[in-house]
Amino acid sequence: MKSFSKINTFLSFDMKHYDVVVVGSGPAGGMAAYEASKAGLSVAILEKESLPRYKTCGGGLVFRGRDMLPFDISNVIEKEYNDLYIYFDHLDQPLFAHRTYPVVTMVMRDKFDQLIIENAKSFGATLLENHTLKGLEFGDKLTLKTSQGDISATYVIAADGVLGPTAKFAGWTETRQLIPALEYEVEVPQDVYERLAKEARFDIDVIPKGYGWCFPKKNHLSIGVGTFKKRKINLREHYYAYLKILGIDDVLSEQAHGFQVPISPRKDGFVKNNVFLTGDSAGFADPLTAEGITNSLYSGGLAAQAISQHFNDPAQAEAKYLEDLNLRLLPELKFAGYLAHLFYNQKTIRNYLMKSNGQRYCDKITDVYTGHLELNKDIKDRIIKNLGLSFLLK
């Protein structure tokens, strides 16, 4: 925890100084700002737009992510589903996960992100809107060059997403694997909406080496496709084919949003010169589902906690963050990578296993993603062997 012999608020030339500057106001940034300001640090959130701002995202928050939030989100929930359906073209019936709690909670990111920021502000965090980061300078303090002037910080938490500039400014090269996805916010006739709003669903293989999703919101559907295929692919063509699978013949309106998802962590570390990478900036989206909200919340919180606990010792803060990432997040991403290899690159083996034991596997994987099964090495190795992927353990 930082001692409260406060650093001067202003440096020379009236440059504002903060203990921590968080770049980005998404889930990772919001959670980092919340935890750091709650611990008594002076915190600024650097946001290039004004809140609320639309954010491209399917908006499906799994139970584990929702459960780690220390405040109520009921006002921003669009829909909740205790059942999740996974369709395969080789199975007559979908696999499903049923729980007594919401397996997935639907949110619109503009409202969800702003809620987290408002909770951070309640502990004193400052939101700097319309501030675009232009560069970083390293010295006794970190200087952030922004579109509205310079500010300085002892620590910077990069939470500016997959294409955010902070990591590049801080010296990272690109080592993440990025996959393309295309999402549409779709309005359909009421009878079609009511039919599809009964379930949250994934459809495996509606696009080569990928899947489609249909996530109902309050008055529209979030429908998208993403692929783990490295070669160029026509996402729009597969999206329209997926609409036919969903039985959508009449679209009242649709708005497309293309984006990239980082499905592998950076290979050259997550901390440099008091800059901490979190969320998509670090490459923490899940390799199997491409869901990024949960790990963004988790890593943002971990970074802020490590900094606040070891504020006066940057080396210890870095070591604590890396230690905490290695306790759970990084091993689980590696495990999910094994499953993703099976799902998207070993279709014949996957179909055989899903046909014989699919429901059992679906239940176990659901327990992992909802936080009701924390994997140790023995459990992960046993599941991998049961899935027929023993060669990946060698």
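A residue is called buried here when its relative accessible area is under 20%, exposed when it is over 50%, and partly exposed in between (1.4 Å probe, protein chains only). By that cut-off, 58% of the 394 residues of the chain are buried.

Before you start clicking: this is a predicted model, where local features need pLDDT of at least 70 and side-chain atom pairs count only at pLDDT 80 or more, while totals for chains, interfaces and linings use all residues. Residues are numbered from 1 along each chain as its sequence is written, and side-chain values use heavy atoms, with hydrogens and water left out.

**Whole chain**

Start with a cartoon view. You have 11 helices and 18 strands to look at; these are DSSP runs numbered from the N terminus, with helices being H or I of at least four residues and strands E of at least two. The C-alpha atoms fill a box of roughly 70 × 50 × 40 Å along the principal axes. The radius of gyration is 21 Å, which agrees with the value near 21 Å for a compact globule of 394 residues (taken over C-alpha atoms; the rule is 2.2 Å times the number of residues to the power 0.38).

Colour by charge next. There are 47 positive and 47 negative side chains, and the centres of the two sets lie 5 Å apart. Lys and Arg count as positive and Asp and Glu as negative, with His and the chain ends not counted; each charge is placed at NZ of Lys, CZ of Arg, CG of Asp or CD of Glu.

**The cores**

Select F112, L144 and Y321. They have the most contacts inside the largest nonpolar core, which has 68 residues. Such a core is a set of buried Ala, Val, Leu, Ile, Met, Phe, Trp, Tyr and Cys residues joined through side-chain atoms within 4.5 Å. Helix α8 (residues 293-309) gives this core its largest share, seven residues. For a second, separate core of 58 residues, pick out F88, V103, F335 and A336, which are among its members.

Zoom in on L144. Leaving aside residues up to four places away in sequence, its contacts include V21, V23, L46, L133 and V156.

Go to I77, in strand β4 (residues 77-81). I77 has a relative accessible area of 12%, so it is buried. Beyond residues up to four places away in sequence, I77 touches R66, T105, M106 and K218. Draw a distance from I77 to S37, 40 residues apart along the chain, and the C-alpha atoms come out 25 Å apart.

Then hop to D72, in the loop between α2 (63-67) and β4. D72 is exposed because its relative accessible area is 57%.

Most residues other than glycine have a negative phi, and most peptide bonds are trans. Where are the departures in this chain?

- L51 to P52: this peptide bond is cis, with omega near -5°. P52 sits in the loop between β2 (43-46) and β3 (60-62).
- D205: phi is positive, about 75°. D205 belongs to the loop between β13 (200-204) and β14 (210-216), and counts as buried at 18% relative accessibility.
- A290: phi is near 65°, again positive. Find A290 in the loop between α7 (279-282) and α8; at 18% relative accessibility, A290 is buried.

Terms used. Contact = heavy atoms within 4.5 Å.
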